[in-house]
Amino acid sequence: MAGDEALRIELLGLADSPRGPERAQRLWDILDDYETWPGRRLVGDDGEQAAWLVAQESIDDVGLQRRCLEMLEISVACGDADPVHYAYLHDRVRMADGREQLYGSQFVRAANGGLVPWHLDDLDRVEARRRRLGLAPFAEHAREMDARWRERLLQTANDGSTARQQYHAATDR
């Protein structure tokens, strides 16, 4: 049972549609109110994942992502958050800063219509980091991401959603 069930339920609701300035602002407020990452002890595994998803999707608020990353790092060190969440958000922040990613989690659209990884640190080191977290090898992950992206492109033609919406749906962990 989560320590704050009402907050857990609120975070799950925010994660149903995690993008948007109002959701980012609410996460800012939660971080201010609790002065910690909403981790497993506070909101359970699913609540922690929901908070991460809102942070990950707050691409227009890199300041929020940086703040979340700092708090998430502490929570991971205490066993209160998923280290994979830290890795993915870390790559997202590095990408926003124009820096190489360390875990190979972030992809961008390629000229050929597929996805390509954002710039990577040394691939051997990326693979070692991925192994430590129990993530699939990078090449396998890249193939999966490209396949999901192409599948979403086909769905786009059928359901009328935008390519941007499909990109974010395909690249969410």
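Because the model is predicted, local features need pLDDT of at least 70 and side-chain atom pairs count only at pLDDT 80 or more, while totals for chains, interfaces and linings use all residues.

**Stop 1: α2 against α3**

Select residues 21-34, helix α2, and residues 40-57, helix α3. Helices here are DSSP runs (H or I, at least four residues), strands are E runs of at least two, and both are numbered from the N terminus. Two packed helices are described by the angle between their axes and the distance between the axes. Axes are lines fitted to C-alpha atoms, for helices over the stretch in contact, with angles from 0 to 180 degrees between N-to-C directions.

For α2 and α3, the axes come within 10 Å and cross at roughly 130°. The two helices are therefore oblique to each other; on this scale, angles under 35 degrees count as roughly parallel, over 145 as roughly antiparallel, 65 to 115 as roughly perpendicular and the rest as oblique. The crossing of α2 past α3 is left-handed, a label used if the near helix is turned anticlockwise from the far one by less than a right angle, with clockwise giving right-handed.

Now show side chains. From α2, pick Arg23, Leu27 and Tyr34; they meet Leu42, Ala51, Val54 and Ala55 of α3. Contact means heavy atoms within 4.5 Å. Sorted by class, the residues of this contact are 6 nonpolar, no polar and 1 charged. The classes are nonpolar (Ala, Val, Leu, Ile, Met, Phe, Trp, Tyr, Cys and Pro), charged (Asp, Glu, Lys and Arg) and polar (the others, Gly among them).

**Stop 2: α2 against α4**

On the α2 side, select Ala24, Leu27, Trp28, Leu31 and Asp32; on the α4 side, Gly63, Leu64, Arg67, Cys68 and Met71. This contact divides into 7 nonpolar, 1 polar and 2 charged residues.

**Stop 3**

Is Ser58 buried or exposed? With a relative accessible area of 5%, Ser58 is buried; buried means under 20%, exposed over 50% and partly exposed in between, using a 1.4 Å probe and protein chains only. Apart from neighbours within four places in sequence, Ser58 touches Ala24, Leu64 and Gln65.

Then move to Glu35, in the loop between α2 and α3. Its phi is near 55°, a positive value in a residue other than glycine. Glu35 counts as exposed, at 67% relative accessibility.

**Stop 4: α3 against α5**

Bring in α5, residues 83-96. The axes of α3 and α5 come within 10 Å and cross at roughly 10°, which means that α3 is roughly parallel to α5.

**Stop 5: the aromatic pairs**

How many aromatic pairs are there? The count comes to 2, where rings of Phe, Tyr and Trp (its six-membered ring) pair if their centres lie within 6.5 Å, and planes under 30 degrees apart count as stacked, over 60 as edge-to-face and the rest as tilted.

Trp52 and Tyr88 form an edge-to-face pair, 6.3 Å centre to centre with 80° between the planes. The pair links Trp52 in α3 to Tyr88 in α5, 36 residues apart, and their C-alpha atoms are separated by 9.5 Å. Trp52 is buried at 1% relative accessible area, and Tyr88 is buried at 6%.

Next, select Phe107 and Phe138: their ring centres are 6.1 Å apart and their planes at 10°, so the pair is stacked. Phe107 lies in strand β1 (residues 107-109) and Phe138 in helix α7 (residues 138-159), so the pair ties together parts 31 residues apart in sequence. Both are buried.

**Last stop: Arg131**

Finish on Arg131 in helix α6, residues 123-133. Arg131 is exposed, with a relative accessible area of 60%. Draw a distance to Tyr103, 28 residues away along the chain: the C-alpha atoms are separated by 9.8 Å.

Notes. Residues numbered from 1 in each chain as written. Heavy atoms only, no water.
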